[in-house]
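Biologist: I am new to this structure and would like a close look at one part of it. Please pick a single stretch, say what surrounds it, and keep to what the model shows.

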Amino acid sequence: MSKAVPDNHKQDGEISHKHGATLVGTLRKIYGQGFAAGYPPTDKLSEVMLHLNETSLSQLRRDYKTGHLDHKITNALH
């Protein structure tokens, strides 16, 4: 078994805990309209996190890992 699965699961939990209140609509301003496709923009990240496709998850994971997610969310809110 690859170690990446548990690491991703832990990281996903951290993202959901820290940014779970962020609206899907805000994240679409960052990642485009395809982010969390099929979910309304008023849903919170914590509500859809377990259902995101790999593309949406990898975008979040990359920005979280590099420390850019906070800044991108802050900019999208203004």
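Modeller: Two residues are in contact here when heavy atoms of theirs lie within 4.5 Å. Bear in mind that this is a predicted model. The part to look at is helix H2, which covers residues 24-31.

Start with the side of H2 that is hidden. Its buried residues are Val24, Thr26, Leu27, Arg28 and Tyr31. An α-helix has 3.6 residues a turn, so residues three or four places apart point the same way. Leu27 and Tyr31 are both among the buried residues of H2. The partners of this buried set are three other helices: H3 (45-48), H4 (54-66) and H5 (69-76).

The packing continues into the largest nonpolar core, a set of 14 residues. H2, H3, H4 and H5 are the elements that each supply two or more of its residues, and H2 gives the largest share, 3 residues. Leu27 is one of the residues with the most contacts inside the core, a group that also includes Phe35, Leu45 and Leu60. Apart from neighbours within four places in sequence, Leu27 is in contact with Thr22, Gly32, Phe35, Leu45, Leu60 and Ile73.

Next is Arg28, also in H2. Arg28 is buried but has no salt bridge. Asp43 is the nearest side chain of opposite charge, and it is 7.7 Å away, while a salt bridge needs the charged atoms within 4 Å. What the Arg28 side chain does reach is the backbone oxygen of Phe35, at 2.8 Å. With neighbours within four places in sequence left aside, the contacts of Arg28 are Gln33, Phe35, Ala36, Ala37, Gly38, Tyr39, Pro40 and Pro41.

A search of the whole structure finds 1 aromatic pair. Its members are Tyr31 and Phe35, whose rings are stacked, with 5.4 Å from centre to centre and 25° between the planes. Both residues of the pair are buried.

The last point is the end of the helix. Gly32 follows H2, and its phi is positive, near 100°.

Definitions and conventions: Residues numbered from 1 in each chain as written. Predicted model: local features only at pLDDT ≥ 70, side-chain atom pairs only at ≥ 80, totals over all residues. Heavy atoms only, no water. Phe/Tyr/Trp six-rings, centres within 6.5 Å; stacked < 30°, edge-to-face > 60°. Buried < 20%, exposed > 50% of the residue type's maximum accessible area, 1.4 Å probe, protein only. Helix = DSSP H or I, 4+ residues; strand = E, 2+ residues; numbered from the N terminus. Core = buried A, V, L, I, M, F, W, Y, C linked by side-chain atoms within 4.5 Å. Lys, Arg positive; Asp, Glu negative; His and termini not counted. Polar contact = N/O pair within 3.5 Å; in protein donor to acceptor, adjacent residues only side chain to side chain.
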